[in-house]
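Please find below a short note on one structure and its two ligand sites. The points are numbered so that each may be checked in turn.

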Amino acid sequence: MSEVLPGLVVGSGGGAYEVLLEDGRTVSAVLRGRLKRESRLGDRLVIGDRVSAAPVDAGPDEEGWTVESVEPRDTQIVRRGPTDRRPKVIAANVGRMFAVVAAKDPEPRLPQLDGLLVIAESNDVEPVVVINKVDLEGTSDFVRRAQDIYAVPGYEVIAVSAESGEGLEELDTALNQGTSALIGPSGVGKSSLLNALAPELQLRTGEISRKVRRGRHTTVSSRLLRLPAGGLVADTPGFGDVGVWGLPPEEVEPCFPEISELAPDCRFRGCTHLAEPGCAVLEGVESGSVPRSRWESYAELRRGSSEPGG
Ligand code: GDP
Ligand code: ZN
């Protein structure tokens, strides 16, 4: 066999993968037989997977590639939607998830933002709060309020405007630390922000839903976009959805750092922090050390509704 090169899966769809090879080439590859059989049982390859690929002769003028092996994943983003029969991995090795909301148009909803942050936490990915459209009038109150609230769990809050450019430098820095994903409802400006940072991406904006894109060789439905400074950003249709992806109630607490931190001080072990006497979390809400909106989002999820406020 000839050369085997390390690479990164930067696109997937239609049964083939786009692999960015170490030498800078992007090639189209299919799974080798053994991996194909394994992927039928478990997870297929997803964007962000680190692989090794080898060329195969596929005719006189066409060079095909096969994925020979896959490295273990550091992290994986798993979607457990109500319509998914099984949990579905949608991206691998994502280091940070950016929960994007607009300060206005559409009107921000804290329960929805908390849901996005829970998606990050439940996947063991560092969450970052992004508030876009701060150029719009009357948005500074919300920005200040969000900064106060999300300082409590220790989240970075980045206020930006794709329109005016405010805060873009800070966002650029944050997005250029490895691989990340922007999640949030449609219309908040995720594509506009990426276009502002990397105009050559030419992402379509202002659309309700994005259709499956056609690549040169394959139907690419999921991609890792490269920013000029080297950061990789997952662009997948599955991230448009909001709502917590089927998180069991008992797994909610660790997704709220400021709540799980207080849990050991509760009178009862296994306290749900919903109504128990001697609950340190409820005392924290009363004293103001736990933001009420955060506790309300927690309580909604803990009671088992699929999206806080939804
Ligand atoms: P996405 O669905 O999250 O990708 O949102 P889009 O990038 O498609 O943006 C939705 C709409 O919001 C478009 O009409 C954009 O022009 C507009 N928009 C995006 N960013 C900003 C911003 O910072 N300020 C203002 N005023 N409008 C924005
Ligand atoms: Zn408690």
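This is a predicted model: local features need pLDDT of at least 70, side-chain atom pairs count only at pLDDT 80 or more; totals for chains, interfaces and linings use all residues.

1. The shell around ligand 1 consists of 17 residues. Asp 135, Gly 187, Ser 191, Ser 192 and Gly 206 are the closest of them. By class, the shell holds nine polar, four nonpolar and four charged residues. Helix H5, which spans residues 190-197, supplies the largest share of this shell, namely three residues.

2. Oxygen atoms of ligand 1 take part in several polar contacts. A backbone N or O atom of Lys 190 lies 2.8 Å from an oxygen atom of the ligand, and a polar backbone atom of Gly 189 is 3.0 Å from one. Ser 161 contributes through its side chain, a polar atom of which lies 3.3 Å from a ligand oxygen. Taken alone, ligand 1 exposes 580 Å², and the protein buries 80% of that area.

3. The zinc ion (ligand 2) has four protein donors: the SG atoms of Cys 266, Cys 271 and Cys 279, and ND1 of His 273. These atoms lie 2.1 to 2.4 Å from the ion. Along the chain, the donors follow the spacing C-x4-C-x1-H-x5-C.

4. What is the geometry of the zinc site? The angles among the four donor atoms run from 103 to 115°, and the site is tetrahedral. For comparison, the ideal angle for four tetrahedral donors is 109.5 degrees.

Note on methods: Residues are numbered from 1 along each chain as its sequence is written. Chains are lettered from A and ligands numbered from 1 in the order in which they are written. Side-chain values use heavy atoms; hydrogens and water are left out. A residue is near a molecule or strand if one of its heavy atoms lies within 4 Å of it. A polar contact is a pair of N or O atoms within 3.5 Å; within protein, one must be able to donate a hydrogen and the other to accept it, and residues adjacent in sequence count only if both atoms are side-chain atoms. Accessible areas come from the Shrake-Rupley method with a 1.4 Å probe; for residues, only the protein chains shown count as cover. Helices (H or I, at least four residues) and strands (E, at least two) are DSSP runs, numbered from the N terminus. Ala, Val, Leu, Ile, Met, Phe, Trp, Tyr, Cys and Pro count as nonpolar, Asp, Glu, Lys and Arg as charged, and the others, Gly among them, as polar. Donors are N, O and S atoms within 2.8 Å of the metal (3.2 Å for Na, K and Ca); water is not among the atoms, so sites may look incomplete. Four donors count as tetrahedral if all angles lie between 85 and 135 degrees; four count as square planar and six as octahedral if opposite donors are over 155 degrees apart and all others between 65 and 115; anything else is irregular.
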